[in-house]
Amino acid sequence: MIRRSARTALATAACGAVLAGGLAACGTVQQLNAADKVSKAFETFGSGKSFSAKLSVDATPAQIQAFGTATGEEIDKDSAAALSAVSLSIAFSADKPLKDIQPAKGSGNGAAPAADPSVSASYTLSGKGGAPLLELRQVGGKAYARGDLAGFAQLVGENAAEVEGLAEGLPAALGNALKGQWVGFDTKALGSTGGAGGTGGTGGAATPAPTLDPKAAESLNASLKGILTHDLSFEDKGKQDGKDRITVTAPARKLTDDLLKAVEPLAKDIPNLAKLPKTAPADVPDRPLALDLYLDGGALSAVTFDLAQLAEKAGPGTPLPLRIAFGHDTPAVQAPAGATELTTEDINGLFGELAAAGGAGGTDGPATPLTDAQIKELTRDGAMNEEQVRLYNAMGLDYQDIKDLADLRS
């Protein structure tokens, strides 16, 4: 229940955020004071040179366990404590407003904003007390990473000493990175490993990202404006902790159906959209759902969504709020000091050792090299580009392993 509810809640919150962002162009809704505040708040997105967001469950372990009891799925003490402590943070920074950043030409499908070397990015999974469990950064064309395997083990109630021993059997560079030491490498070095696991092909050439016809984009924009007008309602709830609280409500099933109908014509241009259902899945509730937006000085500071809305068995008094906190004009992402630099030879050696040990695929030997036909199949829907596919194969993943990953990403 927690896993399924969280996925649905994330999708709901994201849809609410994206849709509200279009309010500036919708004159009908602008007449409403609450919607006008939301519209202006979203206009500020991207106007600064930096931005951050933090996702967490805004509940105590006891509240999480109470939610599990109410929904008939017991959550043990360690799991509840871990869920209440963990958070995922992202941050972007650049030398110009983020809204002016253009996707890098020739970048692969699914490229993040940080594909532009002028944009720095960080991704952090944190545990109790905000201690980082996994950190990834990209600054100036270089990538940096480190993790805390023992800390993660403690978070989920495992024996840290036993888990730490797992790092001893890994290549030195990877073992040290899992003990909290920063490692860094030139992102171009990953591309040079592209042909290690394949036969033939272009050795890691990126697959062009699908483009959207301007007329199709205009039609989509018009459809979204109509959805904004007819499906969403806004209510100003006044001040809470010094911030404006505005509740956005929408009929979940109707909103989902309308969104699916709006994007359906784009499936011919964006292959991944063809996988979307034609109508709302059966587990989308046929009732209104609400999320709360908090504005600080006119800017969006947080979004909360109560997962209990998705669980029919959860009665009053068992809330489980998911929270996304936003930061504007945050400190720029910096390269970590003292990172161990990995050369192309180091990376090739690392992948070679992983493949020889069975790699991520858990096999008894190196992964079977992919054929050109398999690579074409894995990159066809755009969830991964050829460079990524070859990299996973070099790390020890077979065709089916990579296909499973691609299905998850799409």
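This is a predicted model: local features need pLDDT of at least 70, side-chain atom pairs count only at pLDDT 80 or more; totals for chains, interfaces and linings use all residues.
Rings of Phe, Tyr and Trp (the six-membered ring for Trp) count as a pair if their centres lie within 6.5 Å. One of the aromatic pairs joins Phe92 to Tyr123. The ring centres of Phe92 and Tyr123 are 6.3 Å apart. The angle between the two planes is 90 degrees. Planes over 60 degrees apart count as edge-to-face, so the pair of Phe92 and Tyr123 falls in that class.

The two partners sit in separate strands. Phe92 belongs to strand E2, residues 87–93, and Tyr123 to strand E3, residues 120–126. The pair therefore ties together parts that lie 31 residues apart in sequence. Phe92 has a relative accessibility of 13% and counts as buried. Tyr123 has a relative accessible area of 28% and is partly exposed.

A helix contact was also examined. Helix H10 spans residues 214–231, and helix H11 spans residues 252–263. H10 and H11 pack at an angle of about 170 degrees. Their axes are 9 Å apart. Because of that angle, H10 runs roughly antiparallel to H11. The crossing of H10 past H11 is right-handed.

On the H10 side, the contact involves Leu220, Ser223, Leu224, Ile227 and Asp231. These residues meet Lys254, Leu255, Asp258, Leu259, Ala262 and Val263 of H11. By residue class, the contact of H10 with H11 comprises seven nonpolar residues, one polar residue and three charged residues.

Conventions. Residues are numbered from 1 along each chain as its sequence is written. Side-chain values use heavy atoms; hydrogens and water are left out. Axes are lines fitted to C-alpha atoms, for helices over the stretch in contact, and angles run from 0 to 180 degrees between N-to-C directions. Helices (H or I, at least four residues) and strands (E, at least two) are DSSP runs, numbered from the N terminus. Angles under 35 degrees count as roughly parallel, over 145 as roughly antiparallel, 65 to 115 as roughly perpendicular and the rest as oblique. A crossing is left-handed if the near helix is turned anticlockwise from the far one by less than a right angle, and right-handed if clockwise. Contact means heavy atoms within 4.5 Å. Ala, Val, Leu, Ile, Met, Phe, Trp, Tyr, Cys and Pro count as nonpolar, Asp, Glu, Lys and Arg as charged, and the others, Gly among them, as polar. Rings of Phe, Tyr and Trp (its six-membered ring) pair if their centres lie within 6.5 Å; planes under 30 degrees apart count as stacked, over 60 as edge-to-face and the rest as tilted. Buried means under 20% relative accessible area, exposed over 50%, partly exposed in between (1.4 Å probe, protein chains only).
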